[in-house]
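Student: Could you take me through a close look at the nonpolar interior of this model, and then at a few residues whose surroundings I can check for myself?

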Amino acid sequence: MCDKNSSALVGLIIFGNVVIMLSGLALFAETIWATTDPYKVYPILGVTGKDDVFAGGWIAIFCGFSFFLLAIYGIVSVLRGSKTMLMVYLVMMMIVYIFECASCITSFTHRDYMINSNVIKQQMLSYYIKNDSQGREITAVWNRIMVEKSCCGVDGPEDWITYGSAFRGVYDEAEAPWPFLCCKRDSNFVIVNEAGCRVGHKDHINSQGCFDHISHAINSYTWGISWFGFAILMWTMLIMMATMYHYTTLS
């Protein structure tokens, strides 16, 4: 017969595992969303070789579903009062815990590298309009972003004339100081004034850089993979400690 304190502890562990179960499902769904890359910025990370934000996401998919299954197992284990089942629960939960730690650290550290305008700018200048597989990927990404977000370059149109680039190797500055996708367009996506855009008139060129849009996408993925995962880890550690204590009280 369990005493009052033991019953309260069992209730706490069950409640904690219900939270882990629901959080695991949420992590599973959120990281699937991140790895499908809805903002379509994967080539920017991939060409730089810092796509481990997505690698962390794939690990988190496994961990999220594992948390869900282990939480159910943990509830059954504590209700049955089986030391063997509780030990299996703790060992398996610790393994998943370590994998989730790796996911959080991997995603966050690689996010720090990419949230740097100079890194993204160097990549853009090196690959935009370059005639190879990586160049075509990066060109397609930048063309889409500049049109959809009405922005130009990383920090602004000046990027294309301040620095050397693959683009400048193809187009003379007098002919095209920047890609004409930087030009303002009407509702039919027709350039409003090409001549005004060529000379950089503020009414005819998108003067805002695209860096904020790219960093927002990467930060969104990282929040779901790293910060939400970290929150689950903190809660899971408390429940594991409570389960360990409960384990020691069983005869």
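Tutor: In this predicted model, the largest nonpolar core has 57 residues, and those with the most contacts inside it are Ile-44, Leu-45, Phe-67, Trp-142 and Trp-160. Several helices supply at least two residues each to this core, among them helix H1 (4-35), helix H3 (52-80), helix H4 (83-114) and helix H6 (133-148), while H10 gives the most, with 11 residues.

Asn-143 has its place in helix H6, and it counts as partly exposed because its relative accessibility is 23%, whereas buried would require a value under 20%. Once neighbours within four places in sequence are left aside, Asn-143 is in contact with Tyr-128 and Leu-181; Asn-143 and Ile-129, which are 14 residues apart in sequence, have a C-alpha to C-alpha separation of 9.9 Å.

Ser-165, by contrast, lies in a loop, the one between helix H7 (159-162) and helix H8 (166-170), and its relative accessible area is 17%, so Ser-165 is buried. A polar atom of the Ser-165 side chain lies 3.0 Å from the backbone nitrogen of Arg-168.

Technical notes: Residues numbered from 1 in each chain as written. Predicted model: local features only at pLDDT ≥ 70, side-chain atom pairs only at ≥ 80, totals over all residues. Heavy atoms only, no water. Helix = DSSP H or I, 4+ residues; strand = E, 2+ residues; numbered from the N terminus. Buried < 20%, exposed > 50% of the residue type's maximum accessible area, 1.4 Å probe, protein only. Polar contact = N/O pair within 3.5 Å; in protein donor to acceptor, adjacent residues only side chain to side chain. Core = buried A, V, L, I, M, F, W, Y, C linked by side-chain atoms within 4.5 Å. Contact = heavy atoms within 4.5 Å.
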